[in-house]
Each structure stands twice: as structure tokens, then as C-alpha cells.
Amino acid sequence: VGLSAGRRPRHDRASCCHVLLKTIATGTVALAYASAAGYPWGMHLALPLSLLPMSGMQSGAGGAPKIKLYTHTACPFAQRVWLALEAAEIPFDKVDVNLYGVGGFDKARLRKVEASGGLEPKGYIPVMSIGEEVVRESSVCVQRVAELSARLAGAASLLPEKPSVADALVAACDGLPKSSSSRQLDVMLKKADAACTDAAFLAGSTFSIADACLLPFLQRVEDDIPSELVHLRAYMDRAHKLAAFSRTVVPSWWWWW
Ligand SMILES: N[C@@H](CCC(=O)N[C@@H](CS)C(=O)NCC(=O)O)C(=O)O
């Protein structure tokens with residue numbers, strides 16, 4: 001067997017082991033190496049490696065990591081992650097958190113999950129566990145879903161075609177003041193309108209992290225999107241036709257403040 005890292009094929013046992021360990025530790029799928037060199041033995045190796053769970057991960061069916069989203073359907077931040085998982089078609093379990101009461105899966109239990117992942121417990125949602133790894137902060141969780149979507153067999157990739165456009169939109173959305181109207185919101189709406197002038201989605205021709213992060217916020221101010229932002233209004237009409245998004249739109253929701 002041989003392995004290729006970048007353009008240089010490796011055949012000796014020590015180099016192969018080094019590449020293999022690096023591949024597993026970083027969660028990179030060996031196919032990347034295999035396709036870079038185009039060697040048939042690389043392709044043989046790609047299958048078993050892509051089925052290997054990342055180090056420390058519990059895996060579910062088909063070698064995919066077991067994912068749990070600690071959430072509340074009304075929360076726009078949690079909706080981002082829910083939407084990302086739906087759009088990426090990655091199987092996951094939802095745990096509804098009793099945020100403002102005691103009993104059931106309440107904040108005390110959420111804090112235990114955070115602590116189990118080595119995080120300082122906060123008791124905020126969303127929190128996502130991927131095997132033993134625990135992640136929080138909605139845009140960080142969405143980014144993590146995107147990384148998984150790019151390497152899990154059968155998942156739809158959420159990596160944006162235009163990463164700088166996606167980063168700017170997500171940063172604008174993360175920076176919104178806790179208010180129903182603001183200069184920052186107006187700027188973000190204009191940016192989103194410009195982004196979908198010549199593209200079906202916010203950062204290219206496919207659904208990406210930008211759509212997952214912005215849609216829950218856009219949905220909440222949809223009726224106030226200025227009529228001159230025709231591209232954004234058309235985008236919202238298209239978005240409501242997406243099964244992944246419509247599954248996450250619930251009758252009663254919270255604002256982001
Ligand atoms: N910056 C956080 C904000 C998350 C957030 O504000 N979550 C709210 C629910 S929408 C929460 O858990 N609040 C708990 C509380 O108010 O005690 C993120 O992006 O994940």
C-alpha cells in the first residue's frame with residue numbers, strides 16, 4: 001500500500017503511518033490524499049479511512065459521529081444550528097432544554113453537558129455534542145457542522161463557494177444589536193440583498209453557512225425588508241420553499257434580544 005500527502009507519494013511504512021495518524025487526528029478524509037495523487041491504491045485506502053470516526057468520537061450508524069443538539073425551537077441562535085444540520089442532511093438528535101424552569105432537561109443538566117466537554121458551564125443554548133466533543137456559540141456550531149458536512153459520506157456540503165462573502169455576512173449578523181431596528185440591521189439587509197443579486201443563495205449557488213446563520217434572523221424581520229431590496233425578498237420566497245428551512249420555522253419564536 002502507498003499513501004500520498006500532497007504531491008509526494010509515500011510507500012515506506014514510517015511515512016505512511018505518519019500520514020495516517022495525521023489524517024485521523026485532523027479528521028481529514030484520506031480521499032483528499034488519494035485524489036491528489038490519483039493512485040489506485042490510494043483509492044483503496046480512502047474507503048476504510050472515511051469510515052473511521054474521528055479520534056475520541058462515538059459513532060452512530062455508518063461511522064458518522066453521534067450528534068446531539070441541545071436547543072429550544074423558539075431560539076434564533078439554536079435555529080441556525082438546527083437549520084445547518086437539516087440542510088447538510090446529517091442525522092442528529094434534538095434535546096429540548098427547559099431554559100426557564102426546573103425539571104426535565106433543565107439548565108442544570110445542560111451545564112453538566114458543557115462541563116463534560118471541558119467547557120465552563122454557561123447554561124445557554126445552542127450547545128452541540130459531536131461524540132465526546134462539546135461545542136457552543138451558534139456560529140461556531142454552524143461552522144463545525146459545515147466542516148463535518150464536507151467530510152461525511154452522504155452529507156450536503158455547507159462550505160460556501162464565496163467564503164469571504166459568507167464570513168462578512170455572518171460577522172454582520174453576529175454583530176447585530178439586541179434591537180428590532182438598527183443601522184447595523186439595515187446594513188446587513190443591504191449586504192444580503194447584494195449577495196443574492198447574481199446567486200441563488202447568500203454565498204454562491206448552494207446553501208451554505210451564510211444561509212444557515214442569516215435565515216433565522218431574516219425570517220424574524222421579513223415583513224420589514226424594504227421593498228427596494230428585491231433580490232433579498234425573492235431569496236426569502238425561495239428559502240421558504242426549502243424543506244430544510246421550513247422544518248425549522250415554528251409558529252411561536254423569540255427575537256434575538
Ligand atoms: N451568542 C450566543 C447567544 C445564544 C443565546 O442568546 N441563547 C439564549 C436563547 S435564544 C439562551 O440560551 N438564553 C439563556 C438565558 O437567557 O438564560 C449564540 O450565538 O449561541
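Me: A salt bridge here is a side-chain nitrogen of Lys or Arg within 4 Å of a carboxyl oxygen of Asp or Glu; which residues are linked in a network of such bridges?

Reply: In this predicted model, the salt-bridge network links Glu133, Arg144 and Glu147. One of its pairs joins the side chains of Arg144 and Glu147, with N and O at 3.3 Å, and because the limit is 4 Å, that pair qualifies as a salt bridge. Both Arg144 and Glu147 belong to helix α6 (residues 138-151), where they stand three residues apart, about one turn of the helix.

Me: What makes Arg144 count as buried?

Reply: The relative accessibility of Arg144 is 12%, and since buried means under 20%, the label follows. Glu147, by contrast, has a relative accessible area of 38%, which lies between 20% and 50% and therefore makes it partly exposed.

Me: How many salt bridges does the rule give for the model as a whole?

Reply: The count comes to seven salt bridges. Among them is the pair of Arg80 and Asp174, whose closest N and O atoms are 2.9 Å apart. Arg80 sits in helix α4 (residues 76-88) and Asp174 in helix α7, so this pair ties together parts that are 94 residues apart in sequence. Arg80 is buried, at a relative accessible area of 0%, whereas Asp174, at 42%, is partly exposed.

Me: What do Asp198 and Lys162 form, and how far apart are their closest N and O atoms?

Reply: Asp198 and Lys162 form a salt bridge, with their closest N and O atoms 3.8 Å apart; this is within 4 Å, so the pair meets the rule. Asp198 lies in the loop between α8 (183-195) and α9, and Lys162 in the loop between α6 and α7, so the pair ties together parts 36 residues apart in sequence. Asp198 counts as exposed at 64% relative accessibility, while Lys162, at 30%, counts as partly exposed.

Me: Why is α7 called roughly parallel to α9?

Reply: The axes of helix α7 (residues 163-174) and helix α9 (residues 209-220) come within 9 Å and cross at roughly 25°. Angles under 35 degrees count as roughly parallel, so the term applies, and α7 is accordingly roughly parallel to α9. The crossing of α7 and α9 is left-handed.

Me: Which residues of α7 and α9 meet, and what is their class?

Reply: From α7, Ala166, Leu169, Val170 and Cys173 meet Ile209, Ala210, Cys213, Leu214 and Phe217 of α9. By class, this contact has nine nonpolar residues, with no polar and no charged ones.

Me: What sets Glu89 apart in its backbone, and where is it placed?

Reply: The phi of Glu89 is near 60°, a positive value in a residue other than glycine, and most residues other than glycine have a negative phi. Glu89 is in the loop between α4 and β4 (93-96). Its relative accessibility is 57%, and because exposed means over 50%, it counts as exposed. Glu137 too is not a glycine and has a positive phi, of about 75°; Glu137 is found in the loop between β6 (133-136) and α6.

Me: How do you know that the peptide bond from Ile125 to Pro126 is cis?

Reply: Its omega is near 5°, and the bond is cis, although most peptide bonds are trans. Pro126 lies in the loop between α5 (107-116) and β5 (127-130).

Key: Residues are numbered from 1 along each chain as its sequence is written. This is a predicted model: local features need pLDDT of at least 70, side-chain atom pairs count only at pLDDT 80 or more; totals for chains, interfaces and linings use all residues. Side-chain values use heavy atoms; hydrogens and water are left out. Axes are lines fitted to C-alpha atoms, for helices over the stretch in contact, and angles run from 0 to 180 degrees between N-to-C directions. Helices (H or I, at least four residues) and strands (E, at least two) are DSSP runs, numbered from the N terminus. Angles under 35 degrees count as roughly parallel, over 145 as roughly antiparallel, 65 to 115 as roughly perpendicular and the rest as oblique. A crossing is left-handed if the near helix is turned anticlockwise from the far one by less than a right angle, and right-handed if clockwise. Contact means heavy atoms within 4.5 Å. Ala, Val, Leu, Ile, Met, Phe, Trp, Tyr, Cys and Pro count as nonpolar, Asp, Glu, Lys and Arg as charged, and the others, Gly among them, as polar. Buried means under 20% relative accessible area, exposed over 50%, partly exposed in between (1.4 Å probe, protein chains only).
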